[in-house]
Amino acid sequence: MFNMLRQAQMMKEKMGQFQKELESQLFTGTAGKGMVTVTVNGKHDVQKVFIDPKAAADIEKLQELIKEAINDAGHQVNAKLKAEVSKMTGGLGLPGLF
């Protein structure tokens, strides 16, 4: 029992350390063959947006491209988090995490 508690505490500490590392990493999502790129950090905060001036000709399409780029970057953050959690738990797939 004590060993399980100690392992849980170690996992919690590793996860906290990983979250700090993840927050400092950048993930770039793209859409429209690079016409729009959005860079977010590991907290999903938008850090940078690039819009090719050619994309501004069609506002509705531009809005869709921005949405796609943000979602792409967010999926990258989530995939990194999921992979790390899987590594930490030995691939157990704990309920409620993902």
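What percentage of the 98 residues in the protein do buried residues make up? After that, please zoom in on helix α1.

Modeller: Happy to! This is a predicted model, where local features need pLDDT of at least 70 and side-chain atom pairs count only at pLDDT 80 or more, while totals for chains, interfaces and linings use all residues. Residues are numbered from 1 along each chain as its sequence is written, and side-chain values use heavy atoms, leaving out hydrogens and water.

Buried residues make up 27% of the 98; buried means under 20% relative accessible area, exposed over 50% and partly exposed in between, with a 1.4 Å probe and protein chains only.

Now for your helix. Helices are DSSP runs of H or I with at least four residues, strands are runs of E with at least two, and both are numbered from the N terminus. Along the sequence the pattern is α-β-β-β-α. Helix α1 covers residues 2–24, which is 23 residues. From first C-alpha to last it reaches 34 Å, close to the expected 33 Å, a span found as 1.5 Å times one less than the number of residues.

Which residues of α1 are buried? They are Met 15, Phe 18 and Leu 22. An α-helix has 3.6 residues a turn, so residues three or four places apart point the same way. The cover over the buried residues of α1 includes strand β1 (26–31) and helix α2 (59–88), judged by contact, meaning heavy atoms within 4.5 Å.
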